[in-house]
Amino acid sequence: MVLSPAATPPATLGAFQVARRRPFRVAAAVTVAGITAHAVLGWWRPVTGLPFGWWLVLLTLGYAALIGWGALAQARHALIISLRERARRAEEERDRRLAEVKYLERTRIAREMHDVLAHRLSLLATYAGALEYRPDAPAEKLAHAASVIRSGAHQALEELRDVIGVLRAEAADEFGQRPQPGLADVRRLVAESTDAGAEIHLSIELPEPANAPATSGRTAYRIAQEGLTNARKHAAGEPVHIELSGRPGEGIVIEIRNQFPHGAKGPAIPGSGTGLIGLAERVRLAGGRLDHGTSDAGEFRLHAWLPWPA
């Protein structure tokens with residue numbers, strides 16, 4: 001630029017590209033060098049009809065416009081990259097949340113299937129085992145057991161259809177609107193097990209169980225259901241004690257106890273080993289606490305507390 005005006009176009013274009021791609025301090029240094037070189041050229045070969053002072057002013061304004069234009073282009077490019085990165089992260093976060101929702105939904109469905117079907121199928125297994133081990137029973141009892149197995153199988157299929165219905169988008173609303181069992185249904189649950197030959201001692205000290213919170217009542221029902229199912233699986237023939245107590249403001253207390261059997265009293269019913277794990281998670285989500293264990297006397301105890309606001 002000092003030696004020939006022909007270098008002006010590539011020099012100014014170079015200053016713009018530096019301002020567009022490099023940090024501002026580098027672009028400012030290149031701009032100062034360009035202004036200086038043009039000033040030397042203008043002093044050495046003055047522009048006809050234009051004072052040297054005005055030449056410097058126009059030169060400085062031109063380079064300022066170039067560096068500003070380049071910095072704006074750089075900022076716009078950085079903004080586009082930033083927006084793309086934010087969009088990518090937002091998409092990843094959406095996919096992560098979607099996967100988490102799917103996992104939680106699958107877990108909920110699996111828990112419902114276990115709670116509903118394990119109880120029903122364990123009853124069927126108890127009756128089927130009785131038929132297998134007592135083929136010499138009176139015809140009336142055999143017919144009654146076969147009738148219970150048939151009706152229980154139909155009920156199990158109905159309950160399975162209700163649970164699977166949540167997997168279908170068109171049935172999700174219908175499934176969510178169906179009445180769910182609560183504290184008022186515990187007596188019916190105990191009656192089913194009693195009809196199957198179990199010895200169950202039930203004690204309920206609750207003021208109007210039907211008025212209990214829906215979540216706590218449903219969870220209490222599932223606790224009783226799981227306790228009876230485990231008793232049939234691991235302590236067949238042993239009496240089961242179920243105690244329900246509580247009141248608004250104090251919460252709901254559920255305690256289930258049974259002795260472990262001293263020798264086989266019937267066919268073993270297999271289990272998945274995950275019922276109490278899922279039950280503990282259900283109780284935690286309901287805001288309650290669950291404890292279980294075996295005493296020194298060989299008694300299994302399941303104790304839970306659930307909230308009941310005043």
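1. Basis. The model is predicted, so local features need pLDDT of at least 70 and side-chain atom pairs count only at pLDDT 80 or more, while totals for chains, interfaces and linings use all residues. Residues are numbered from 1 along each chain as its sequence is written, and side-chain values use heavy atoms, with hydrogens and water left out.

2. Sheet order. An open sheet is formed by 5 strands in the order β1-β2-β3-β5-β4, with mixed pairing. The edges are held by β1 and β4, each with a single partner strand, so one side of each has no neighbour in the sheet. On average, neighbouring strands of this sheet are turned by 10° against each other, direction ignored. Strands (E, at least two residues) and helices (H or I, at least four) are DSSP runs, numbered from the N terminus; two strands pair if DSSP finds at least two bridges between them. Axes are lines fitted to C-alpha atoms, for helices over the stretch in contact, and angles run from 0 to 180 degrees between N-to-C directions.

3. The β1 side. Strand β1 (residues 200-205) pairs with β2 in the parallel sense over 6 bridges, and L202 stands opposite I242 in β2. Helix α6 (residues 186-195) lies across β1 and β2 and runs at about 170° to β1.

4. Strand β2. Buried means under 20% relative accessible area, exposed over 50%, and partly exposed in between (1.4 Å probe, protein chains only).

5. β2 to β3. These strands run antiparallel and are joined by 8 bridges. The bridge partner of G246 in β3 is I252, and S245 stands opposite V253 in β3. Their hairpin has 3 residues between the strands, and G249 takes a positive phi near 95° there.

6. β3, β5 and β4. Strand β3 (residues 251-259) and strand β5 (residues 299-306) run antiparallel, with 8 bridges between them; I252 has L306 in β5 as its bridge partner. Strand β4 (residues 289-294) is also antiparallel to β5, through 6 bridges, and R289 is partnered by W305 in β5. In the hairpin of β4 and β5, with 4 residues between the strands, G298 has a positive phi near 80°.

7. Helix pair. Helix α7 (residues 214-234) packs with helix α8 (residues 275-285) at an angle of about 165°, the axes being 10 Å apart. The two are therefore roughly antiparallel (under 35 degrees counts as roughly parallel, over 145 as roughly antiparallel, 65 to 115 as roughly perpendicular and the rest as oblique). Residues T219, R222, I223, E226 and N230 in α7 meet G275, L276, L279, R282 and V283 in α8, where contact means heavy atoms within 4.5 Å. The residues of this contact divide into 4 nonpolar, 3 polar and 3 charged; Ala, Val, Leu, Ile, Met, Phe, Trp, Tyr, Cys and Pro count as nonpolar, Asp, Glu, Lys and Arg as charged, and the others, Gly among them, as polar.

8. A212. This residue is found in the loop between β1 and α7. A212 is buried, at 12% relative accessible area. Leaving aside neighbours within four places in sequence, A212 is in contact with L183, I252 and W308. The C-alpha atoms of A212 and W308 are separated by 6.8 Å, although the two residues are 96 apart along the chain.
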